[in-house]
Amino acid sequence: MQRRELFRLGALTGIAAVSASLPARAMPCRKDWGLSAIHLTALNLKPEDLAIQAHRAGYSAIGIRINPISKGSVAYPYKAGSAEIKAFKNLLNDLGMRVQGVDGFALNSFTDPLQEQAIFDTCGELGIKSLCICGDAPDKEKFANMFGKLCDMAAPYGFRIDLEFMAWRTIGTLEQAYELVKMADRKNGTIAVDSLHLYRSGGTAADIDKVPARFLGDIHLCDAVRTPPIDMKLIQMVREGRANLDSTSGTPKGFEGLVREAREGRLLPGDGELPLVDFMKHMPRSCAIGVEVPVPGLDSQTVLNLSYAHSVRVLEKLC
């Protein structure tokens, strides 16, 4: 049996192997962690069903995908002012749930933010806290300008724009994302820090300390095996800015395993080998925690139950 499958079995039996180190940032122990179930964890569910099943599992919030990240990919669009969105908000209110964020946007330096106005109206009506984007920046100055316009469009609605880095994109590391949000220089321009993407891009928890807390947005929590499914020479090229990448037009050669892992090979928190407790100790208390762990082969309610329980078990190591 392959090593990855052994870790999956650990997820089902509740075996946790969690790393810990000396405290760094001020992420506090909490009675209620207020966790959000990010849509990728159960992307087969409509937002209404996700809210119901996540609530049953113990979650306080959900993150939803209302825009396809690529042509033909799964998304559940809402239109501001529609009967559907009003019914969804009523359901959330009845459950005591909220929508923490929206994701599913792969942008580049030449994206026209004004074409996304309808999305912003919907996000505003949903009362989200963050809209998460990823993308490529062949022209850094143009991308920073575009990102700044997105932030300006979000400001009247009161939500942030979270820039997420992924090793197969030109915005592939925490440092590269930080450079761009600094260039944009908006109070609501922040970085989404995914535990998988941080470590798969060659980063460490200590790198987080180099970024002022005000630039750090939502946390995306999951686990993984220690050895990445990619040639580390490619990651070094990403870190040095030498990789020839344009992921908005497809998966770059050599990064297929990394993309596949991110979409369907993540592990439940505590059932892999990433130093998640150390990671959390370096994140500031202002960051909301989302859990992003699809587990192929299991029904959505089981995945949500396991992902919540395992996440709490890891986070309690902070106490």
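When I speak of a contact, or say that one residue touches another, I mean that heavy atoms of the two lie within 4.5 Å. With that in hand, isoleucine 161 touches Phe120, Leu131, Ile133, Phe147, Leu150, Cys151, Ala154, Asn188, Gly189 and Thr190, leaving aside residues up to four places away in sequence.

Before going on, a word on the source. This is a predicted model, in which local features need pLDDT of at least 70 and side-chain atom pairs count only at pLDDT 80 or more, while totals for chains, interfaces and linings use all residues. Residues are numbered from 1 along each chain as its sequence is written, and side-chain values use heavy atoms, with hydrogens and water left out.

Let me turn to the overall picture. The protein chain has twelve helices and eight strands, where helices (H or I, at least four residues) and strands (E, at least two) are DSSP runs numbered from the N terminus. Its radius of gyration is 18 Å, close to the 20 Å that the globule rule gives for 319 residues, so the chain is as compact as a globular protein of that length; the radius is taken over C-alpha atoms, and the rule is 2.2 Å times the number of residues to the power 0.38. Among contacts between residues at least 6 apart in sequence, 85% join residues at least 24 apart.

How much of the chain is buried? Buried residues make up 57% of the 319 residues, with buried meaning under 20% relative accessible area, exposed over 50%, and partly exposed in between (1.4 Å probe, protein chains only).

The largest nonpolar core has 100 residues, and those with the most contacts inside it are Tyr59, Ile62, Ile64, Ile133, Ile161 and Phe279; such a core is a set of buried Ala, Val, Leu, Ile, Met, Phe, Trp, Tyr and Cys residues joined through side-chain atoms within 4.5 Å. Helix α5, residues 140–154, gives the most to this core, with eight residues.

Now to helix α2, residues 47–57, in which Pro47, Leu50, Ala51, Gln53, Ala54 and Ala57 are buried. An α-helix has 3.6 residues a turn, so residues three or four places apart point the same way. What covers the buried residues of α2 includes β1 (36–38), β2 (61–65), α3 (83–95) and α12, and just after α2, glycine 58 takes a positive phi of about 120°.

Helix α12, residues 300–315, holds histidine 310, which is buried with a relative accessible area of 2%. The C-alpha atoms of histidine 310 and leucine 268 are separated by 6.5 Å, although the two residues are 42 apart along the chain.
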